[in-house]
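Here are my notes for someone opening this one for the first time. Have the model on screen while you read.

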Amino acid sequence: MQRAIEARGIPTIGITLSKEITRKVKPPRALYLRYPFGHPMGEAFNAAQQRAILLAALDGLERITVPGTILEPGWAWRRHTFA
């Protein structure tokens, strides 16, 4: 899906919870989070955490210039303080 959208000139970034699968699929850009499956945007009702994830993904759209790059902010589930 990402490649088809990118072919039309629209940059994309995927949020992934499995780095191994993402490496094999090779999307144009990805943001890898070490979070449990089913929680790609973080904890329910944690607006600060969800905002930080969204901003990191949007930042990746601007910064990533090499196709297949996977950003890893290093956040751990329930261990990172978001401001």
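What follows is a set of numbered points on the sheet, the core, the salt bridges and a few loop residues.

1. Ground rules. This is a predicted model, so to speak of local features we need pLDDT of at least 70, side-chain atom pairs count only at pLDDT 80 or more, and totals for chains, interfaces and linings use all residues. Residues are numbered from 1 along each chain as its sequence is written, and side-chain values use heavy atoms, with hydrogens and water left out.

2. The sheet. Start with the three strands, which form an open sheet in the order β1-β2-β3 with parallel pairing. Strands here are DSSP runs (E, at least two residues), and helices are DSSP runs too (H or I, at least four residues), numbered from the N terminus. Two strands pair if DSSP finds at least two bridges between them. β1 (14-16) and β3 are at the edges with a single partner strand each, so one side of each has no neighbour in the sheet. The twist from one strand to the next averages 30 degrees; for angles, axes are lines fitted to C-alpha atoms (for helices, over the stretch in contact), and values run from 0 to 180 degrees between N-to-C directions.

3. Leu31 is a handy landmark: Ile15 stands opposite Leu31 in β2, and Leu31 stands opposite Leu71 in β3. Both faces of β2 are covered, with Arg29 and Leu31 buried on one side and Ala30 and Tyr32 buried on the other. Buried means under 20% relative accessible area, exposed over 50%, and partly exposed in between (1.4 Å probe, protein chains only).

4. The crossovers. From β1 the chain goes through α2 to β2, and this β-α-β crossover is right-handed. Right-handed means that, with the strands pointing away from the viewer, the path from the first strand over the helix to the second runs clockwise. By contrast, β2, α3 and β3 make a left-handed β-α-β unit. Take a look at that one yourself: α3 lies across β1, β2 and β3, running at about 150 degrees to β2. Contact means heavy atoms within 4.5 Å.

5. The core. Which residues touch the most other members of the largest nonpolar core? Among its 13 residues, they are Ile13, Leu31, Leu33, Tyr35, Ile53 and Trp75. α3 gives the most to this core, with four residues. A nonpolar core is a set of buried Ala, Val, Leu, Ile, Met, Phe, Trp, Tyr and Cys residues joined through side-chain atoms within 4.5 Å.

6. The salt bridges. How many salt bridges are there? The count comes to three, taking a salt bridge as a side-chain nitrogen of Lys or Arg within 4 Å of a carboxyl oxygen of Asp or Glu. Glu6 pairs with Arg29, with the closest N and O atoms 2.3 Å apart. Glu6 is in helix α1 (residues 2-7) and Arg29 in strand β2 (residues 29-32), so this pair ties together parts 23 residues apart in sequence. Glu6 is partly exposed at 22% relative accessibility, while Arg29 is buried at 12%.

7. The other two pairs. Lys19 and Glu72 meet at 3.1 Å, N to O. Lys19 belongs to helix α2 (residues 19-25) and Glu72 to the segment after β3, so the pair ties together parts 53 residues apart in sequence. Lys19 is buried at 16%, and Glu72 is partly exposed at 43%. Arg63 and Asp59 have their closest N and O atoms 2.7 Å apart; they are four residues apart in helix α3, which means a separation of about one helical turn.

8. Loop residues to check. Most residues other than glycine have a negative phi. Lys26, in the loop between α2 and β2, has a positive phi near 55 degrees and is exposed at 57%. Phe45, in the loop between β2 and α3, has a positive phi near 70 degrees and is exposed at 84%.

9. A glycine. Gly68 is in the loop between α3 (47-63) and β3 (69-71) and is partly exposed at 34%. Leaving aside neighbours within four places in sequence, Gly68 is in contact with Pro27 and Pro28. The C-alpha atoms of Gly68 and Arg29 are separated by 5.4 Å, though these residues are 39 apart along the chain.
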